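Here is a friendly walk through one protein model, for someone opening it for the first time. Take a look at the sequence and the 3D view, then read on.

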Amino acid sequence: LHRVIDPRTRINTCVYMASPLTSADDEALIEEILARLTLREKLGQMMQPDWRTFRSAPKLSEAGAAVLPAWAGSAVKRALNAPLTDEQCDRSVGRHCLGSVLGGGGACPTPNGPLAWQAQAAAMQRAALRASSGLPLLVCNDSVHGQANLRDATLFPHHIGQGCMRDEGLVEELGALAARESAACGINWIFSPCAAVALDLRWGRTYESFSEDPALCGRLSAAEVRGIQRCGLPMAACAKHWVADGGTALGTGKFDMGGIGKAVKSFGLDQGNADCDDAELRATHVAPYLPALAEGVLTVMVSYSSLNGVKCHASRALVTGLLKEELGFRGVVVSDYNAVQQCGGSYSAAVCKVVNAGVDIVMTAGGLFGDLTWRRQLEELEAAARARLAEGGGEGEGEGE
């Protein structure tokens, strides 16, 4: 590992992850799998829908109820949150060879206990293994300070509270506990830690940041990665949100509750624009990611926000150039929830920008908020890929693709 921060706060351009994420045998198996997958199977691996959309499509008037906790009392909510059946999982995960799924805020089966969670996750995994791709599924959740979607789970202080304690060992322990609670629900990918450096306390998501001190954010992010990924069970951590989400300017934010790309007016700081030069970007906002990368964090999530007027999701310089090439990150880069729609006038144009920037997996509400269904998104992604192949921008389908 080579990581240098000199007294002038400049970061060495040669930063390497502490150890390879995969062995030579792993790489050989990956190449073998890729060689047999069709284009559609590969695209299915790139799509991450909200699993609540796998049920019969709710009416738009009921969609809001679908995102609320099931114990809130409504018969509609209970029906929309019933554990997924094998048939529903086969129609979605299996038919479309999905590689990952998530449950957005408040997502939970009914009854909301570990056994129902396990049963649902098992149904999704069975469908994944029955699919033509035959690959196991990544099941994702925002277990940032405990498995908050599980009723009666133990919840810990938000990151801002953990930052106040300045105790790396404690943060690591809390991360491991959250990971074990999540694993008991069939989850194997957690969207945490948040490595944001919150520079303006008026930002509504300041509580997600450990501190305004980049060094402390870095140490505690690395500690949480250790806790999650060394909890004794298969679990991936996710450093987020790449990059400078805590440095946006007041008034540049967009109020976009569902993340569906329909915001029309500036609002506060969230999802706004960070104006900073390269030195400030590296010293303040990139620096906290370096310890997490050194710990071997398996995934990174991109920020809704913009840097110097360019959406982070659409910036090849940030995602491929800086994160993957310069910093040597070889794990998975995932979009934020419906962030793709904010990057172009049409979904097709937006998803092309985001994938070409270096995003590997598209996280989507998939129609839950009245937005484009994930099946339609998958069709548009496939059409764009086939058009690119027809232009000679890639190899043919199947063997050697």
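## Before you start

Keep in mind that this is a predicted model.

## The E5-E7-E10 sheet

Let's start with an open sheet of three strands, which come in the order E5-E7-E10 and pair in parallel. E5 covers residues 238-242, E7 covers 299-302, and E10 covers 332-334. Which strands sit at the edges? They are E5 and E10, each pairing on one side only. On average, neighbouring strands here are turned by 25° against each other, if you ignore direction.

Zoom in on E7 and E10 and you'll find three bridges between them, in the parallel sense. Met 301, for instance, has Val 334 in E10 as its bridge partner. There is also a helix packed on this sheet: H12, residues 316-326, touches E5, E7 and E10. The direction of H12 makes about 140° with that of E5.

## The E6-E8-E9 sheet

Another open sheet has its three strands in the order E6-E8-E9, and this time the pairing is mixed. E6 (273-274) and E9 (310-311) are the edge strands; each has a single partner strand, so one side of each has no neighbour in the sheet.

E6 and E8 (residues 306-307) run parallel and are joined by two bridges. As a bit of background, strands of a sheet pair through backbone hydrogen bonds, in either a parallel or an antiparallel way.

Now for H8 (168-183) and H9 (214-229). Packed helices are described by the angle and the distance between their axes. For H8 and H9, the axes come within 7 Å and cross at roughly 40°. The crossing of H8 past H9 is right-handed.

Who meets whom? On the H8 side, the contact is made by Glu 168, Val 171, Glu 172, Gly 175, Ala 176 and Ala 179. On the H9 side, you'll find Arg 219, Leu 220, Ala 223, Glu 224, Arg 226, Gly 227 and Ile 228. Sorted by type, the residues of this contact are six nonpolar, two polar and five charged.

## Two cis prolines

Pro 111 belongs to the loop between strand E2 (100-102) and helix H6 (114-130). Another cis bond joins Ser 192 and Pro 193, and its omega is about 15°. You'll find Pro 193 in the loop between strand E4 (189-190) and helix H9.

## Two residues with positive phi

Arg 166 isn't a glycine, yet its phi is positive, at about 55°. It sits in the loop between helix H7 (159-165) and helix H8. Gln 271 isn't a glycine either, and has a positive phi of about 65°. Its place is the loop between E5 and E6.

Are these two buried or exposed? Arg 166 has a relative accessible area of 55%, so it counts as exposed, the cut-off being over 50%. Gln 271 is at 9% relative accessibility, so it counts as buried, the limit being under 20%.

Methods
Residues are numbered from 1 along each chain as its sequence is written. This is a predicted model: local features need pLDDT of at least 70, side-chain atom pairs count only at pLDDT 80 or more; totals for chains, interfaces and linings use all residues. Side-chain values use heavy atoms; hydrogens and water are left out. Two strands pair if DSSP finds at least two bridges between them. Helices (H or I, at least four residues) and strands (E, at least two) are DSSP runs, numbered from the N terminus. Buried means under 20% relative accessible area, exposed over 50%, partly exposed in between (1.4 Å probe, protein chains only). Axes are lines fitted to C-alpha atoms, for helices over the stretch in contact, and angles run from 0 to 180 degrees between N-to-C directions. A crossing is left-handed if the near helix is turned anticlockwise from the far one by less than a right angle, and right-handed if clockwise. Contact means heavy atoms within 4.5 Å. Ala, Val, Leu, Ile, Met, Phe, Trp, Tyr, Cys and Pro count as nonpolar, Asp, Glu, Lys and Arg as charged, and the others, Gly among them, as polar.
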